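Hi everyone, thanks for coming. Please bring up the model on your screens, and we'll walk through it together.

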Amino acid sequence: MWNVKAIRILATSLLAITVVVSLNAQSAHALLSGTWSWPLSGQRSVLRHYEAPERFYAPGHRGIDLPADLGQEVYAPADGVVHFVGHVVNRDVISVQHGQYLSSFEPVSSGLKKGDLVNRGQVIGVVSTGSHCECLHMGARKGEDYLSPLALLATIPPAVLLPWDS
């Protein structure tokens with residue numbers, strides 16, 4: 001009746017629809033155009049996904065955790081201006097403003113300073129110590145609203161419904 005391929009396609013389609021519905025029109029446009037590039041070299045995988053908080057200060061996971069090695073280079077996902085470089089709760093953090101969006105990375109040590117211009121794909125720092133896992137935490141915001149960085153990264157394939165095969 002249902003084969004594995006059909007179930008995978010349905011699950012991928014539902015995920016893509018859920019992500020698009022949960023974003024506003026501009027974020028959905030960014031999702032569909034895949035405007036940001038991946039911040040690490042190598043395999044693209046996620047250790048822990050974004051978990052939206054119920055309220056602004058409620059618990060949640062306001063970003064994604066990507067597997068990364070200590071000292072691994074971190075790349076700017078898009079052109080922007082360094083917004084913050086420093087320590088937050090014993091972790092090195094760098095944030096970059098990309099128009100309406102803000103990306104943040106931790107733990108990342110960087111020689112950049114606030115106001116520096118960065119280009120998509122430019123090294124903005126290296127993974128440092130202080131994380132809860134061997135990973136890079138990447139966050140994204142539009143104004144004060146957190147969103148999943150996966151919505152802005154060119155990583156989600158389009159959902160394609162195949163003809164029904166009985």
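Let's begin with V88, which is partly exposed at a relative accessible area of 39%. Buried here means under 20% relative accessible area, exposed over 50%, and partly exposed in between, using a 1.4 Å probe and protein chains only.

A word on the source: this is a predicted model, where local features need pLDDT of at least 70, side-chain atom pairs count only at pLDDT 80 or more, and totals for chains, interfaces and linings use all residues. Residues are numbered from 1 along each chain as its sequence is written, and side-chain values use heavy atoms, leaving out hydrogens and water.

Back to V88, which sits in strand β3, residues 80-88. Strands are DSSP runs of E, at least two residues long, numbered from the N terminus.

Now the salt bridges, meaning a side-chain nitrogen of Lys or Arg within 4 Å of a carboxyl oxygen of Asp or Glu. How many are there by this rule? The count is two.

In one, R91 and E106 meet, with 2.7 Å from N to O. Since R91 belongs to strand β4 and E106 to strand β5, this pair ties together parts that are 15 residues apart in sequence. R91 is partly exposed at 23% relative accessibility, while E106 is buried at 18%.

The other salt bridge joins D116 and K113, whose closest N and O atoms are 3.3 Å apart.

Notes:
Helices (H or I, at least four residues) and strands (E, at least two) are DSSP runs, numbered from the N terminus.
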